[in-house]
Amino acid sequence: MKKKFKLGVIGAGFMATAIINGAIKSSIIDAEDILVSDVSRESLDKMQQNGVSVTMDTCSLVNNSEFVLFAVKPQSLREVLETIKDCNCYKFISIMAGVRKDKIKSVFTSAEVARCMPNTPCAIGCGAVGLDVSDYTDLADIEFVKNLLSSFAQVVIVTEDKMNAVTGVSGSSPAYFYLFLKGVIEAGVQEGLSVDEAKILAANTMIGAGKMVLNNPDKSLDELINAVCSKGGTTIEAVKVYNENGLNNITSKAVRACVKRSIELEEL
C-alpha cells in the first residue's frame, strides 16, 4: 500500500534540518512529501516554515511514511523504538553515531536499514557522508537514499564495519580543522594581523587547499606539500616545526581516540 509521505523524519534538530533543506532545494523530494516528528513543539514550528508537514505522533509518522529517517540522539533510540515497535515500516535510514543497524533490526526484523554518518558542513551543502546501503535490495530505493544525501554532501559508499573510521575521519573532523585554524588565526594576530584579517586569509586558504587536493587526484599530498615548500624559503621552516613536533602522530592519535569512542558507543 502506497504511503502518504515519501520521507518521515524522526527528530527536528540541526542535521534533520540540513537534510530536509538540501533535499528540497535540490528537488530530490517535494516539501509536501515530507513528514517530521519531534517532542518539541517549538522545533516543529521552525521546521514547518520549510513547507513540510509536522506531527508529535511518531507512530503515525512511521505508519504513513515510505522511508523513515532516524535523526535523534543515539541515547534516545531505545525510547523511540519502544514507541514505534508496533508500527508498519521496513525502510529506514539512520544518521545516529555509534548505533549499529542491528539495534533497529532487533525490533523491525524484516527491515532494510541504511546507515550513514554526515558531518556539520552538510548544513551549508558542503559536507561529506559515509553511507552503508547494503541492506537495500531495490535499485530505486538505493538511488533515492544516495540522491537524498548527495543533495547536500559528497557521498562515499562503505560497509558498516568502516563506519567508525568514517566518524573519525569526516564525522568529527570539522572540529579538528577548526582547532588547527584557530591556532593559525591566533598566530596571525600575534604577528600583527587583525582577527578578521587572519580569519579571512586562513579560512579561505584552508578551503582552497582542500579543493587543490580534490582537483589534483594524480598528485600525492607530499607532492602538493613540496609544491609550496621552496628550498631555503619560508614554508619549509614551518613544515620543519610540524615534523619535529610530530603533527602526523598527534593527528593519528586523535583520530584513533575518536574511533575508539565510536566503537564503545556501539557496545552500549
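Twelve helices and eight strands make up the secondary structure of the protein chain, where helices (H or I, at least four residues) and strands (E, at least two) are DSSP runs numbered from the N terminus. This is a predicted model, in which local features need pLDDT of at least 70 and side-chain atom pairs count only at pLDDT 80 or more, whereas totals for chains, interfaces and linings use all residues. Residues are numbered from 1 along each chain as its sequence is written, and side-chain values use heavy atoms, with hydrogens and water left out.

Taken along the principal axes, the box filled by the C-alpha atoms of the protein chain is roughly 70 × 35 × 35 Å. The protein chain has 268 residues, of which 40% count as buried, a term that stands for under 20% relative accessible area, with exposed meaning over 50% and partly exposed the range in between (1.4 Å probe, protein chains only). Its accessible surface comes to about 15,500 Å², and 56% of that belongs to carbon and sulfur atoms; such areas come from the Shrake-Rupley method with a 1.4 Å probe, and for residues only the protein chains shown count as cover. Among contacts (heavy atoms within 4.5 Å) between residues at least 6 apart in sequence, 59% join residues at least 24 apart. The protein chain carries 28 positive and 32 negative side chains, and the centres of these two sets lie 2 Å apart; here Lys and Arg count as positive and Asp and Glu as negative, His and the chain ends not being counted, and the place of a charge is taken as NZ of Lys, CZ of Arg, CG of Asp or CD of Glu.

The second largest pocket holds about 750 Å³ of space and is lined by 29 residues, of which G11, A71, V72, K73 and S76 lie nearest its centre. Two or more residues of this lining come from each of α1 (14–25), α4 (77–84) and α7 (163–171). A pocket is, on a 1 Å grid over the protein atoms alone, an open set of points where a 1.4 Å probe fits, with protein on both sides within 12 Å along at least five of seven lines, and lining residues have an atom within 4 Å of a point. Grid points are joined across faces, edges and corners, and the volume is the space filled by probe spheres set on the points.

S27, in the loop between α1 and β2 (34–37), has a phi near 60°, a positive value in a residue other than glycine, and is exposed, with a relative accessible area of 60%. Y90, in the loop between α4 and β5 (91–94), is partly exposed at 45% and is in contact with S110, A111 and E112, leaving aside neighbours within four places in sequence.

T58, in helix α3 (residues 58–63), counts as buried at 17% relative accessibility and touches I10, S37 and I84, not counting residues up to four places away in sequence.
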